[in-house]
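Subject: Structure for you to look at

Hello,

Please find the structure below, with the sequence. My notes on the fold, the core and the helix packing follow it.

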Amino acid sequence: MTATSTTAASGTAAPGVGARVLAHPAREEIRIEAVLHALSDPMRLRVVRELAAAEDELTCSRIELPVSKSTSTHHFRVLRESGIISQTYRGTAKMNGLRRDDLEALFPGLLDSVLAAATRQADRLGEG
């Protein structure tokens, strides 16, 4: 995986000079196996659902998970390293956004299908 600044392809602006930059896979490095693995975890799927429903990027702290901070950090890292989300620092806040354009270009309809299935499941189980 290469350390790249986020670009217009991921929908976010490149960070300024001296900014902390997190490693993200380039679009062509995103693999279906990693995406499916990341989406298979209920906590990570919950993060993706919240980001999909949001109007804009969200900080990690805006997405409440019933796990420890270190476990939450792990889930965000798996999502970032799989190519599902982008993370950028704005001051001390780590902003999270879906890489919807990249995922749609590589795997058309996958994200929308997973989100729709997750919503149907949550409704069926009374978790929605």
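The chain has five helices and three strands. Read from the N terminus, their order is α-α-β-α-β-β-α-α. Please keep in mind that this is a predicted model. Of the 128 residues in the chain, 38% are buried. Taking contacts between residues at least 6 apart in sequence, 60% join residues at least 24 apart.

The core

The largest nonpolar core has 24 residues, and Val48 and Ile84 have the most contacts inside it. Two or more residues each are given to this core by α1 (32–39), α2 (42–53), α3 (69–82) and α5 (110–125). The largest share, five residues, comes from α2.

What does Ile84 touch, leaving aside its neighbours within four places in sequence? Its contacts are Val35, Ala38, Leu39, Val48, Leu79, Gly97, Leu98, Arg99 and Leu103.

Helix α1

Three residues on that list, Val35, Ala38 and Leu39, are buried in α1. Seen down the axis of α1, its buried residues fall within an arc of 95°, so they line one face of the helix. The buried residues of α1 pack against α2, α3, α4 (100–106) and α5.

Packing of α2

I looked at two helix pairs that involve α2, with α3 and with α5.

The axes of α2 and α3 cross at roughly 70° and come within 10 Å. At that angle α2 is roughly perpendicular to α3. The crossing is right-handed. On the α2 side, the contact is made by Met43, Arg44, Val47 and Val48; on the α3 side, by His74, His75, Phe76, Val78 and Leu79.

For α2 and α5, the packing angle is about 105° and the axes are 11 Å apart. These two helices, α2 and α5, are therefore roughly perpendicular as well. Here α2 contributes Leu45, Val48, Arg49 and Ala52, while α5 contributes Leu111, Val114, Leu115, Ala118, Thr119 and Ala122.

Best regards

Definitions and conventions
Residues numbered from 1 in each chain as written. Predicted model: local features only at pLDDT ≥ 70, side-chain atom pairs only at ≥ 80, totals over all residues. Heavy atoms only, no water. Core = buried A, V, L, I, M, F, W, Y, C linked by side-chain atoms within 4.5 Å. Buried < 20%, exposed > 50% of the residue type's maximum accessible area, 1.4 Å probe, protein only. Helix = DSSP H or I, 4+ residues; strand = E, 2+ residues; numbered from the N terminus. Contact = heavy atoms within 4.5 Å. Arc of directions from axis to C-beta. Axes fitted to C-alpha atoms, helices over the stretch in contact; angles between N-to-C directions. Parallel < 35°, antiparallel > 145°, perpendicular 65-115°, else oblique. Left-handed = near helix turned anticlockwise from the far one by under 90°.
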